[in-house]
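Dear colleague,

I am passing on the structure we spoke about, and it is shown just below. My notes on what was found in it follow, and I would be glad if you read them alongside the model.

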Amino acid sequence: MFKTAKRISKARPWMFESLLLAVACLVVGVIAGSTFHNSFGASTKESFQQLMDEAMTSMDRGMENAPMTGDPDHDFAAMMIPHHQGAVDMAKVELLYGKDPVLRRLAQEIIVTQEQEIEVMRMRLKQFKTQ
């Protein structure tokens, strides 16, 4: 296994870094478990629907304003970052209001995985700038 990891880290360092980041985020997500607290400024002073509408509006605005270059890889990542952030924000609202343990766990998983994917896409966008 370690030989494979060394081979991956030499051939595609960004992939190895992404894998390490994913594992670290997964561990943090598991540790956080049900003690996760909302961090995007939402509170129960606002209704579930208000918070979901805010998340959708923010996601739509971010996707509309994503910098397009004509390069499919760049443009895909640029558009998907706000899309994934919208999913994270909506999952946080679910954790704030939701009661179903299965959906709450799914929301936690969405937060962890989508944040990992956002970081991978940001790293790739930085790589595109240097190429």
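Helices here are DSSP runs of H or I with at least four residues, strands are runs of E with at least two, and both are numbered from the N terminus. Please keep in mind that this is a predicted model, in which local features need pLDDT of at least 70 and side-chain atom pairs count only at pLDDT 80 or more, while totals for chains, interfaces and linings use all residues. Residues are numbered from 1 along each chain as its sequence is written, and side-chain values use heavy atoms, with hydrogens and water left out.

The protein has five helices and zero strands, and along the sequence the pattern reads α-α-α-α-α. Of its 131 residues, 29% count as buried, where buried means under 20% relative accessible area, exposed means over 50%, and partly exposed lies in between (1.4 Å probe, protein chains only).

In helix 3, which covers residues 48-64, we find Ala55, and this residue is buried, with a relative accessible area of 2%.

Leu96 belongs to helix 4 and counts as partly exposed, at 28% relative accessibility. Between the C-alpha atoms of Leu96 and Thr44, which are 52 residues apart along the chain, the separation is 7.2 Å.

Helix 4 (residues 72-97) packs with helix 5 (residues 101-130) at an angle of about 155°, and their axes are 8 Å apart. Axes are lines fitted to C-alpha atoms, for helices over the stretch in contact, and angles run from 0 to 180 degrees between N-to-C directions. The two helices are therefore roughly antiparallel to each other, a term for angles over 145 degrees. The residues of this contact divide into 17 nonpolar, five polar and seven charged; Ala, Val, Leu, Ile, Met, Phe, Trp, Tyr, Cys and Pro count as nonpolar, Asp, Glu, Lys and Arg as charged, and the others, Gly among them, as polar.

Within helix 5, the buried residues include Ala107, Ile111, Gln114, Ile118, Met121 and Leu125. At the start of helix 5, a side-chain oxygen of Asp100 comes to within 2.9 Å of the backbone nitrogen of Val102.

Note on methods:
Angles under 35 degrees count as roughly parallel, over 145 as roughly antiparallel, 65 to 115 as roughly perpendicular and the rest as oblique. A polar contact is a pair of N or O atoms within 3.5 Å; within protein, one must be able to donate a hydrogen and the other to accept it, and residues adjacent in sequence count only if both atoms are side-chain atoms.
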